[in-house]
Amino acid sequence: MNTDRLLLRRRVLIALCALPLARLTQAEDIELKRTGGPYVPTPQVVVDEMLRMARVGKDDFVVDLGSGDGIIVLTAAQRLKARGFGVDIDPELVERANNEARSRGVADRASFQVMDVFKADISKATVVTLYLLPGMMADLQPKIFGESRPGTRVVSHDYHFGNDWPADDQRTWDVPEKEKVNGVPRATVYLWIIPARVAGRWQLRVAAPGAEDYDLALKQSFQSFEGTAAARRAGGVQLMESRLHGEDISFALPADGDRHRFKGRVSGNTMEGTVELAGRKGVARWTATRAKS
């Protein structure tokens, strides 16, 4: 933790000490909730791994919520030629990050703003990064899921969104330099891929002679989904092997003692792809359109 941030935290603690004891814990909770916790620098090796897991490249736009000294966006801009911005409520850290961007010659691709993370515009992000305490992660979950485009990669250091939204990937490894900062010599990086929205009713058509058309009824919980498929000439069946990975979708439908295996992509209110027909009857194209409510 840097000297300026220590002074800021010390001022906060002095103010808290002036409160009655009964209100002290509540005030501390409010402060942590507002800030997401004290500023703790992220080691460069962790930054590098976060950007690697998110597959950041020159075409990406990185948004760092709670950007601190700006190291994540600065690294993405300088080493990987990406663009982006960071937001933090500490004016001194934001000024420092913008000065560093100018010093590194990347101010045209990396900028920082004094802003509440809940007010940040993440709609253009292809990558969102975070290093915030669990309470703030839980509070941000609806914003991240609701405002990010399908396919957006979300990467967090040490803390996750909870069991309701499991990570698509994660890595834990030894980081000795972290022990000097917070006493924990290990780091965990979590990765989520924002899934397409597939909940609702769909009309699915298979472009093969004699193939059934289906009415799909899907339920979704983040990257997991389930549902039923009702064929026009037969009863309903349960989807099997269902999987969402960003805009990529796959599932299977039982048929003729075997399974049709569907793979494709979701684009708003349409899906399309290929299906391996049951009984080794070949491969066909398929399309699906969201039914109007």
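A salt bridge here is a side-chain nitrogen of Lys or Arg within 4 Å of a carboxyl oxygen of Asp or Glu. The views below come from a predicted model, and by this rule the count comes to 16 salt bridges.

**View 1. Arginine 153 and aspartate 60 pair up in a salt bridge.** Their side chains meet at 2.8 Å, N to O. Arginine 153 sits in strand 5 and aspartate 60 in the loop between helix 3 and strand 1, so the bridge ties together parts 93 residues apart in sequence. Arginine 153 counts as buried at 10% relative accessibility, and aspartate 60 is buried too, at 9%.

**View 2. Aspartate 158 meets lysine 178.** This salt bridge spans 2.5 Å, N to O. Aspartate 158 is in the loop between strand 5 and strand 6, while lysine 178 is in the loop between strand 6 and helix 7, so parts 20 residues apart get tied together. Lysine 178 is buried, with a relative accessible area of 2%.

**View 3. Glutamate 247 bridges to arginine 265.** The N to O distance is 2.8 Å. Look for glutamate 247 in the loop between strand 12 and strand 13, and for arginine 265 in strand 14, 18 residues apart. Glutamate 247 is partly exposed at 26%, as is arginine 265 at 44%.

**View 4. Helix 4 packs against helix 5.** Their axes come within 10 Å and cross at roughly 15 degrees, which makes helix 4 roughly parallel to helix 5. The crossing is right-handed. Helix 4 brings Ile71, Leu74, Thr75 and Gln78 to the contact, and helix 5 brings Ala97, Glu100, Ala101 and Arg104. By class, that's four nonpolar, two polar and two charged residues.

Terms used. Residues are numbered from 1 along each chain as its sequence is written. This is a predicted model: local features need pLDDT of at least 70, side-chain atom pairs count only at pLDDT 80 or more; totals for chains, interfaces and linings use all residues. Side-chain values use heavy atoms; hydrogens and water are left out. Axes are lines fitted to C-alpha atoms, for helices over the stretch in contact, and angles run from 0 to 180 degrees between N-to-C directions. Helices (H or I, at least four residues) and strands (E, at least two) are DSSP runs, numbered from the N terminus. Angles under 35 degrees count as roughly parallel, over 145 as roughly antiparallel, 65 to 115 as roughly perpendicular and the rest as oblique. A crossing is left-handed if the near helix is turned anticlockwise from the far one by less than a right angle, and right-handed if clockwise. Contact means heavy atoms within 4.5 Å. Ala, Val, Leu, Ile, Met, Phe, Trp, Tyr, Cys and Pro count as nonpolar, Asp, Glu, Lys and Arg as charged, and the others, Gly among them, as polar. Buried means under 20% relative accessible area, exposed over 50%, partly exposed in between (1.4 Å probe, protein chains only).
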